[in-house]
Amino acid sequence: MSADGLIVVDKPGGMTSHDVVARIRRLARTRRVGHGGTLDPMATGVLVIGVGRATRLLTYVIGAGKSYTATIRLGQATVTDDAEGDVIASTPAGAVTDDAVRAALAPLTGEIDQVPSAVSAIKINGERAYKRVRDGEAVELPARRVTVSRLDVREIRRDVPDVVDVDVDVTCSSGTYIRALARDAGLALGVGGHLTALRRTAVGGFGLAEAATLAQLEERAPEVVNLPLDAAAERFFLRRDASEAEARTLSHGGPLDPAGITGPYAVFGPAGGLIAIVSERDGRARAEIVLAPA
């Protein structure tokens, strides 16, 4: 069975994130596998997978910032705001200038209130929004505050009549829908827009350079973890080293004296093993999750 830790996977197109988890369960020979942030089937790129005790780190991975390369097609709107959905409106976009494209994208940066795509995994009264849409229901989701720290235009292409393809680089907070950016740019220009390509290039500090394909993971199964639990925590969090007495207290769920570290942070024992993820509040350092082996 594979060791506890994280795997940075380069997800192929055409698979759901759950499909990838199922594949890793087979390769790692354990059911205890999860992912750190959904990628749509159309999308490719960085999908962080947790194995064993490292699945408990995934809540922090999900909340990390993310980076993407994407292609926005102006001139067509789809029901899903991406290329997987049927085209619901076409408006010739050939007359849209490059300056107009950049002007439409500019307000979509910084802190913005974004309405998620109706066909999304967000739950409404316990049911996924996409299921309600498929059942013929009109879904209106409330806007959510997200941060788009970078939205750079790499190229504007006019290879297909009546549409404009815009290649962009995006860095954003967790919860940002890139296809909603495409939709909103198209709405601002009055021609509609949707996403035709999406590749996630980074999640937190994990990037494509260390990502493995499923084929590569097949070759080295069941040793598929490329970032053991201790190394994963050290990559993702600030580190605090505990004494023997502190390690014993923390591993049993007890609090430590604060160290003045902005948390959450990782606490390691004298032998170097990860004990817990800790945050400081009310004058004490308390474990959010305890990861020391039972």
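The model is predicted, so local features need pLDDT of at least 70 and side-chain atom pairs count only at pLDDT 80 or more, while totals for chains, interfaces and linings use all residues. Residues are numbered from 1 along each chain as its sequence is written, and side-chain values use heavy atoms, with hydrogens and water left out.

Next, select Tyr-60, Phe-206, Phe-236 and Phe-237, which ring pairs link into a cluster (rings of Phe, Tyr and Trp, the last by its six-membered ring, pair if their centres lie within 6.5 Å; planes under 30 degrees apart count as stacked, over 60 as edge-to-face and the rest as tilted). The count of aromatic pairs comes to three. Among them, Phe-206 and Phe-236 are stacked, at 5.7 Å centre to centre with 10° between the planes. The rings of Phe-236 and Phe-237 form an edge-to-face pair, because their centres are 5.5 Å apart and their planes are at 65°. Phe-237 is buried at 9% relative accessible area, and Phe-206 is buried at 2%, whereas Phe-236 is partly exposed at 24% (buried means under 20%, exposed over 50% and partly exposed in between, with a 1.4 Å probe and protein chains only).

From Phe-237, move to Leu-57, whose contacts beyond four places in sequence include Phe-237, Leu-229 and Ile-277 (contact means heavy atoms within 4.5 Å). Leu-57 is buried, at 3% relative accessibility.
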